[in-house]
Structures are given as C-alpha cells and as structure tokens.
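Here are my notes on this one, with the model open next to me.

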Amino acid sequence: MAYRPSKRPSISVVMTLRDADATLGRAVESVLAQSFTDVQLVLAVLPSGDGTLAHARRLEERDIRVDVVEVDEDASVDALDAGVDAARGEYLLFMGQRDWLGVHALALLAHAIEDGSVDLAVPVFSSANPPAPVDAEEADRIVLLDRDQVRAQAHRFIVNEGFGTLHGKMLRRDRVQSLGIRHAIAGDDEAYLITYLEDLDSLVICPGAVYHDEGPLHIDGWTDPLVRCEHDHQLMLELAERWGMANDRKLLEAVHLRHMRHLVECLERVCSLRTLSSIERTDRIRDMLEAPSTQESVDVLRSSSSARRELGLLFDSIARKSVPGCRLSLCISGVTRFPQLVLARGRAAVL
C-alpha cells in the first residue's frame with residue numbers, strides 16, 4: 001500500500017536504534033499500522049553490530065513515511081539530535097527501539113492536540129504485557145491541564161516517573177526549536193525534558209492512548225549508578241526551585257521519594273554484582289547511605305506515611321546508615337526494582 005506524505009506531517013516519531021534488528025519490526029509496525037497515517041517515522045541508526053541499518057533501509061524503501069538517518073557518533077544523544085533535525089512534523093514523539101504503540105494511540109493523541117496549542121501530550125504508560133484494559137468511557141476522556149494545574153499536579157507526575165523519560169511523550173517541535181534544546185547539550189533525556197517543562201503552559205493526558213514501555217537498553221555516559229541517581233535528583237530539585245515551589249511539601253516529598261526509589265535500585269545493583277568482593281560491596285553501600293542527598297531525603301520523608309509504607313524496614317536501615325540492615329531488608333522484603341516510567345497501568349493514575 002503506497003502512502004503520499006504531507007509536506008508537514010502532524011507527528012514525527014523519532015526512534016534511535018542500536019543493535020535493534022530483533023525488535024525493530026514490532027516497534028516500527030506499531031507506528032505504521034496505526035489508523036492515523038499523517039505521520040513521519042525517523043529512524044536514527046547508531047553504529048550497530050547486527051543488521052539494524054539494512055533492516056531500516058528496507059523499511060524506508062517499503063514505506064515513504066519512513067526516513068533513515070545514519071549517525072557516525074556512538075552516543076544516543078547525537079542520534080536523537082539527528083532524528084529531531086530530520087523531523088518535519090508539528091509534534092515530536094520519542095520512542096524506544098523495544099517499545100510499541102497501542103492500537104489507535106496516535107489517532108487519540110492527534111485528536112488531543114489537534115488545535116496545535118498543547119505543549120505536551122502524554123499517553124498512558126504500560127509495562128504490563130498485555131496491559132490492563134481501559135474501558136470505553138475512560139478511553140474517550142481527555143484531561144487538559146493549564147500551567148497552574150500542571151504545577152499543582154506535579155507531585156503526582158514525579159512520584160509516578162511522569163517527568164523521568166521522553167519516551168511516549170509528544171512535544172511541539174517549534175517549541176523545542178525556540179527553546180534551543182539539544183540532547184548533546186542537555187546530556188540526557190531527563191535534562192532535555194525538564195528544560196521543556198520549565199515554562200510549560202499546557203499538558204494533555206490521553207487515557208486511551210497506550211504506550212508500551214520496555215525500559216532503556218543503553219544508558220550512555222553513566223558508569224556509576226549513584227552519580228546518575230544524584231544527577232537526576234538534582235534536576236528535580238532545580239525544577240521545583242525554578243517553579244517557586246522549593247518549599248511545597250507535596251512536591252518535595254514526591255521528589256525525595258523518587259530519589260529514594262532510585263537509591264534502592266542502586267543498592268540492588270551493588271548487591272547483585274558478583275564481581276565485587278564483600279569489602280568492596282560494603283564500601284559502596286556505605287557510600288550510598290552516607291551521601292548527603294540520601295540523608296536529606298531521609299529527613300524529608302521521616303514523617304511520610306506513604307514512604308514508610310512503601311519502603312518498609314528498608315527505610316529505617318537507610319536512615320540508620322546500616323549496611324547489614326539494608327542488605328538484610330532487601331533479602332527479607334523481596335524488594336524488586338521499582339516500576340519505571342509508569343504514569344498508569346491501564347488508567348490515568350496521575351490524576
């Protein structure tokens with residue numbers, strides 16, 4: 001079936017690829033098989049050791065809506081910038097190479113932003129396979145938030161990782177350009193998105209549009225998970241400061257609970273590394289527990305019933321800076337990696 005692209009499609013889906021030959025088909029077909037066809041799919045291909053580039057080129061030959069960009073550099077931030085440069089759509093939707101769109105997701109998102117005035121459109125995220133069903137009434141509902149409402153609800157977005165990833169979100173391309181946002185300058189997705197969020201005027205949530213998230217496969221430039229954890233946490237604190245909400249209790253608790261979750265992920269990672277000796281593992285855990293950002297989060301969350309309920313005995317072990325307590329709590333409680341990038345599981349849980 002042949003398609004004739006518009007000079008300026010409504011939506012450009014930007015997908016960076018590296019060693020993606022095995023999963024590329026599902027991701028691409030979830031875009032091209034949508035009922036909404038006024039779309040451009042930009043595939044920015046990083047140096048790969050499999051047949052990713054050849055596969056992408058075949059897709060480009062088959063469907064005129066597909067554009068392939070070869071990226072010589074080895075960093076995903078360069079590929080993202082190259083993909084955005086090649087995009088022609090009014091809106092940009094960033095997508096992971098292992099992720100896929102639910103049926104009619106683009107049509108629902110396009111309907112939500114059809115007047116072109118919405119700054120950010122957010123689908124429902126699902127890490128379930130298959131996801132929980134969305135009833136018809138919920139699917140047709142669109143939640144539009146203005147600037148004040150976005151900030152008033154920010155604690156819910158943050159605690160549900162809504163501001164932690166670019167994947168699945170639709171951004172106005174002209175706004176990205178006017179702000180001069182570049183991945184190579186921002187350094188990572190989170191810094192890029194927070195720059196975009198700073199003066200956000202409107203956000204729309206589409207409960208019927210489902211984005212299936214498989215999580216990141218590659219994280220460029222971060223060899224120490226604690227450094228990444230503290231970097232992301234500082235970005236959130238700076239956003240609260242720029243919004244004039246540095247003393248907002250709900251927002252602060254959300255930011256610090258998010259940080260505590262990521263700290264637990266770091267602890268889990270260290271505990272699972274078989275390449276570390278017992279002494280090395282103990283030293284790394286102690287460094288995490290004694291970090292100023294960790295103890296600041298403990299102080300903010302001491303009176304938070306939700307944090308204590310979620311973290312259980314682990315919270316007290318972290319507060320006491322007890323390495324044996326943390327290791328024992330992780331084993332006893334069966335704490336697993338906290339769900340990432342989840343705004344909802346079958347419903348718009350942020351509201």
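**Notes on the model**

1. Start with glutamine 34: leaving out residues up to four places away in sequence, it touches Leu101, Gly102, Val103, His104, Ala105, Leu106 and Ala107, where contact means heavy atoms within 4.5 Å. Its side chain also reaches the backbone nitrogen of leucine 106 at 3.0 Å. Glutamine 34 sits in the loop between H1 and E2 and is buried at 7% relative accessible area. Buried here means under 20% relative accessible area, exposed over 50% and partly exposed in between, with a 1.4 Å probe and protein chains only.

2. Some housekeeping: this is a predicted model, in which local features need pLDDT of at least 70 and side-chain atom pairs count only at pLDDT 80 or more, while totals for chains, interfaces and linings use all residues. Residues are numbered from 1 along each chain as its sequence is written, and side-chain values use heavy atoms, with hydrogens and water left out. Helices (H or I, at least four residues) and strands (E, at least two) are DSSP runs, numbered from the N terminus.

3. Now look at E2. Seven of its seven residues are buried, so the strand is largely enclosed by the rest of the structure. Val39, Leu41, Leu43 and Val45 point one way, Gln40, Val42 and Ala44 the other way, and all are buried.

4. What does E2 pair with? E1 and E2 pair in the parallel sense over seven bridges, with valine 13 opposite leucine 41. E2 is also joined to E3 (residues 66-70) by five bridges, and these two strands run parallel; there, valine 42 stands opposite aspartate 67. Pairing requires at least two DSSP bridges between the strands.

5. E1, helix H1 (residues 24-32) and E2 make a right-handed β-α-β unit. From E2 the chain crosses through helix H2 (residues 52-62) to E3, in a β-α-β crossover that is right-handed as well. Right-handed means that, with the strands pointing away from the viewer, the path from the first strand over the helix to the second runs clockwise.

6. On H3 (residues 76-86), Val77, Ala79, Leu80, Asp81, Gly83 and Val84 are buried. Their cover includes strands E1 (11-17), E2 (39-45) and E4 (91-95), plus helices H9 (183-186) and H10 (189-197).

7. Which residues have the most contacts inside the largest nonpolar core? They are Ile11, Leu41, Leu43, Phe94, Met95 and Leu203, in a core of 78 residues. Apart from it lies another core, of 24 residues, among them Met260, Leu289, Ala307 and Leu311. A nonpolar core is a set of buried Ala, Val, Leu, Ile, Met, Phe, Trp, Tyr and Cys residues joined through side-chain atoms within 4.5 Å.

8. Alanine 112 lies in helix H4 (residues 105-112) and is buried at 13% relative accessible area. Setting aside neighbours within four places in sequence, alanine 112 is in contact with Val118, Ile142, Val204 and Cys206. Alanine 112 and valine 204 are 92 residues apart in sequence, yet 7.0 Å apart in space, C-alpha to C-alpha.

9. Finally, the cysteines. The structure holds zero disulfides, a disulfide being a pair of cysteine sulfur atoms within 2.5 Å. For cysteine 326, the nearest cysteine sulfur is that of cysteine 271, 8.1 Å away. Cysteine 326 is buried at 1% relative accessible area, and cysteine 206 also counts as buried, at 3% relative accessibility.

Definitions and conventions. Polar contact = N/O pair within 3.5 Å; in protein donor to acceptor, adjacent residues only side chain to side chain.
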